[in-house]
Structures are given as C-alpha cells and as structure tokens.
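Subject: Handing over the structure

Hi,

Here is the structure I promised to pass on. Have a look at it first, and then read on for what turned up.

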Amino acid sequence: QVPVGASAWLDKGNLFLDACVFSPDGKEFVRQRTHGAANEPEAIGQHLGKILIEAGADRILRLVGRAIG
C-alpha cells in the first residue's frame, strides 16, 4: 500500500489541487500544488500528475511496485 493524499478547493473561479505521495515508511514524500480555471479540472489534474512525477513520485511508486501508466 502507498499512502497518498489529495485535496481540492475553489476560490474566485480557480480550482486548486494539492497532492502528495509518501513512501510506506513515511521517510520520503513528494507534495505539489497547482491551480487553474475551475472549468478545466481534467487539465489541472493532468498537470498535477505530471509535476508529481517530475518531482519524484514515480520513483516512490516504483519502490513499492506500482507502475506509472
């Protein structure tokens, strides 16, 4: 199992997304945040996924046997 977390909120027409991926022991983690127009939630989510991977979330997931697709 991989501890992950995410939250989202709206403010003045913008959607904010915050997500994190932790190693099972909690020693390593990646946390990123992004935002954009509230009418573009899929694009914002895809961007957040990309920056999480660029920040190392893919490495944490590979360590616990999860494939990134």
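Let's start with a pair of charged side chains: Arg31 and Asp18 meet in a salt bridge, with 2.6 Å from N to O. (By salt bridge I mean a side-chain nitrogen of Lys or Arg within 4 Å of a carboxyl oxygen of Asp or Glu.) This pair links distant parts of the chain, since Arg31 is in strand 3 (residues 29-37) and Asp18 is in strand 2, 13 residues apart. Strands and helices here are DSSP runs numbered from the N terminus, with at least two residues (E) for a strand and at least four (H or I) for a helix.

Before going further, a word on the source: this is a predicted model, where local features need pLDDT of at least 70 and side-chain atom pairs count only at pLDDT 80 or more, while totals for chains, interfaces and linings use all residues. Residues are numbered from 1 along each chain as its sequence is written, and side-chain values use heavy atoms, with hydrogens and water left out.

Back to Asp18. Is it buried or exposed? Asp18 counts as buried, at 8% relative accessibility, whereas Arg31 counts as exposed at 51%. The cut-offs are under 20% relative accessible area for buried and over 50% for exposed, with partly exposed in between (1.4 Å probe, protein chains only).

Arg33 itself is partly exposed, with a relative accessible area of 48%. Put together, Asp18, Arg31 and Arg33 are linked in a network of salt bridges.

What else does Asp18 touch? Leaving aside residues up to four places away in sequence, its contacts are Gly5, Ala6, Ser7, Trp9, Arg31, Gln32, Arg33 and Leu48. Contact here means heavy atoms within 4.5 Å.

How many salt bridges does a search of the whole structure find? The count is four. Another one of them joins the side chains of Arg59 and Glu28, at 2.2 Å from N to O. This pair also links distant parts of the chain: Arg59 is in helix 2 (residues 57-63), and Glu28 is in the loop between strand 2 and strand 3, 31 residues apart. Arg59 is partly exposed, with a relative accessible area of 40%, and Glu28 counts as partly exposed at 30% relative accessibility. As a general point, side chains of opposite charge can pair when their charged atoms come close.

Now for the hairpin. Strand 1 (4-11) and strand 2 (14-22) have a loop between them, and Lys12 lies in that loop. The two strands run antiparallel and are joined by eight bridges; strands pair if DSSP finds at least two bridges between them.

The hairpin has two residues between its strands. Lys12 has a positive phi of about 50° although it is not a glycine. Lys12 is also exposed, with a relative accessible area of 79%. As for strand 1, it is hardly covered: among its eight residues, the count of buried ones is zero.

Over to you!
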